[in-house]
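Colleague: I would like a close look at a single part of this model, with the cut-offs spelled out. Please put the structure up and then take the question that follows.

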Amino acid sequence: KKKKNLAQNLKSEDYEDDLKAPQQVSNFSLSERRIYNDPLEGSTLTYRDPSYSNDKIEVSVYPIPTSDIGNTEAILEEETEKLRDNLTDFATDLNLPPLHMTEDIVLSWNMMDKEFSGYYLDAKIEKDGLEPFYASYFFFVQEDKIVKFTTTFPSRFALDFVKQALPRMSG
């Protein structure tokens, strides 16, 4: 019942109009912007590095799926938990080699007179004879939205992008 009301109150156009995002961050350029019809799904921006065609970073911005928006830690833990379940199911469904995930790592940055706190984790599949799979996931809460960064490479290469892009994203 609550979800339906929330969806009615949010209009997908709001994301179109309100989402401010940089065209360029570091070596990455904004290559795609998707606004979902279901406002609960928010929008996704895709950034690509022209030098590395397989590297991409997706930034998803969507409403916090709970009415208790005051408890940032619980919100972020729920998001990483959902992600872990989805990744595990995905790997199992496709009979992939074992998927390794790090613990949630807490991030806290003070930039542009604002405090940015979030969690991130890395996932990887490495097996002899197979192309390795790497991904990293960053979650932040900004006002009533979650900002999630998904990369196709380990977090140590993504931290700079996230740090530069996050303060410039406003939904």
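Is Phe 90 buried, partly exposed or exposed, and what is its relative accessible area?

Modeller: Phe 90 is partly exposed, because its relative accessible area of 47% falls between the limits for buried (under 20%) and exposed (over 50%), taken with a 1.4 Å probe and protein chains only. This is a predicted model, in which local features need pLDDT of at least 70 and side-chain atom pairs count only at pLDDT 80 or more, while totals for chains, interfaces and linings use all residues. Residues are numbered from 1 along each chain as its sequence is written, and side-chain values use heavy atoms, with hydrogens and water left out.

Phe 90 belongs to helix 3, which covers residues 72-93. Helices (H or I, at least four residues) and strands (E, at least two) are DSSP runs numbered from the N terminus. Together with Leu 94 and Leu 96, Phe 90 makes a nonpolar surface patch of about 280 Å². Such a patch takes residues with over 30% relative accessible area and no salt bridge; nonpolar side chains (Val, Leu, Ile, Met, Phe, Trp, Tyr) are joined within 5 Å, and like charges within 9 Å. A salt bridge is a side-chain nitrogen of Lys or Arg within 4 Å of a carboxyl oxygen of Asp or Glu. Areas come from the Shrake-Rupley method with a 1.4 Å probe, and for residues only the protein chains shown count as cover.

Asn 95 sits in the loop between helix 3 and strand 5 (100-101). Asn 95 counts as exposed because its relative accessibility is 69%. Its phi is positive, near 50°, although Asn 95 is not a glycine. Most residues other than glycine have a negative phi.

Glu 143 also has a positive phi, near 55°, and lies in the loop between strand 8 and strand 9 (145-151). With 66% relative accessibility, Glu 143 is exposed. Gln 142, in strand 8 (residues 133-142), is buried, because its relative accessibility is 15%. Leaving out residues up to four places away in sequence, Gln 142 touches Phe 116, Val 147, Leu 166 and Met 169, where contact means heavy atoms within 4.5 Å.

For the setting, the protein has four helices and nine strands. Of its 171 residues, 42% count as buried. The protein exposes about 10100 Å², and carbon and sulfur atoms supply 47% of that area.
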